[in-house]
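I opened this entry to keep track of what I looked up. The sequence and the structure come next, and my notes follow.

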Amino acid sequence: MGKKLVWSPTSLGQLEEIHEGIFEVSKSLNIADRVIDDIMSSADILSFQPEIYTLDENKLNNDNSYHSYEVRTYNVAYRILTDTIRILRVRYSGKEPKQY
């Protein structure tokens, strides 16, 4: 059995903002839903292969537990904990990188 995948309140709020932004531009609920589904399903592999992606370069004082990857022009940052993978944030990759 793999690690439990937990989306932080911040990351869920960011997904809502992404969904609203895509819907506003595309006028298609189907397109907005599909992008969010792609982002969320992309994290499923982390339960079994949490270190598949590189260390997060934007994390200050990274203790090697913070990783990130890109999907559909969005950067997904997560932290590997003992029993869980915590999705920390989802940001548009075109934005200026923001350290945290």
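**Notebook: overall build**

I began with burial: 39% of the 100 residues in the protein are buried. Buried here means under 20% relative accessible area, exposed means over 50%, and partly exposed is in between, with a 1.4 Å probe and protein chains only. I note that the model is predicted, so local features need pLDDT of at least 70, side-chain atom pairs count only at pLDDT 80 or more, and totals for chains, interfaces and linings use all residues. Residues are numbered from 1 along each chain as its sequence is written, and side-chain values use heavy atoms, with hydrogens and water left out.

Next I looked up the elements. The protein has 2 helices and 4 strands, in the order β-α-α-β-β-β from the N terminus. Both kinds are DSSP runs numbered from the N terminus: helices are H or I with at least four residues, strands are E with at least two.

I then checked the dimensions. The C-alpha trace spans about 40 × 35 × 20 Å along its principal axes.

For contacts (heavy atoms within 4.5 Å), I counted pairs with a separation of 6 or more; residues 24 or more positions apart account for 48% of them. The accessible surface comes to about 6,300 Å², and 51% of it belongs to carbon and sulfur atoms. These areas come from the Shrake-Rupley method with a 1.4 Å probe; for residues, only the protein chains shown count as cover.

**Charges and salt bridges**

I found 12 positive and 15 negative side chains, with the centres of the two sets 3 Å apart. Lys and Arg count as positive and Asp and Glu as negative, while His and the chain ends are not counted. Each charge is placed at NZ of Lys, CZ of Arg, CG of Asp or CD of Glu.

How many salt bridges does the structure hold? I found 2 salt bridges, each being a side-chain nitrogen of Lys or Arg within 4 Å of a carboxyl oxygen of Asp or Glu.

One joins R72 to D38, with the closest N and O atoms 2.5 Å apart. R72 lies in the loop between β2 (66-71) and β3 (74-80) and D38 in helix α2 (residues 29-42), so the pair ties together parts that are 34 residues apart in sequence. R72 is partly exposed at 41% relative accessibility, and D38 is partly exposed at 27%.

The other joins D63 to R79, with the closest N and O atoms 3.4 Å apart. D63 is in the loop between α2 and β2 and R79 in strand β3, 16 residues apart. D63 is partly exposed at 45%, as is R79 at 25%.

I also looked up K59, in the loop between α2 and β2. K59 is buried yet has no salt bridge, and D63, the nearest side chain of opposite charge, is 7.8 Å away. Leaving aside neighbours within four places in sequence, K59 is in contact with Y66 and Y100.

**Backbone angles**

Most residues other than glycine have a negative phi. N64 is not a glycine, but its phi is positive, about 75°. N64 is in the loop between α2 and β2 and is exposed at 52% relative accessibility. T73, also not a glycine, has a positive phi of about 65°. T73 sits in the loop between β2 and β3 and is partly exposed at 41%.
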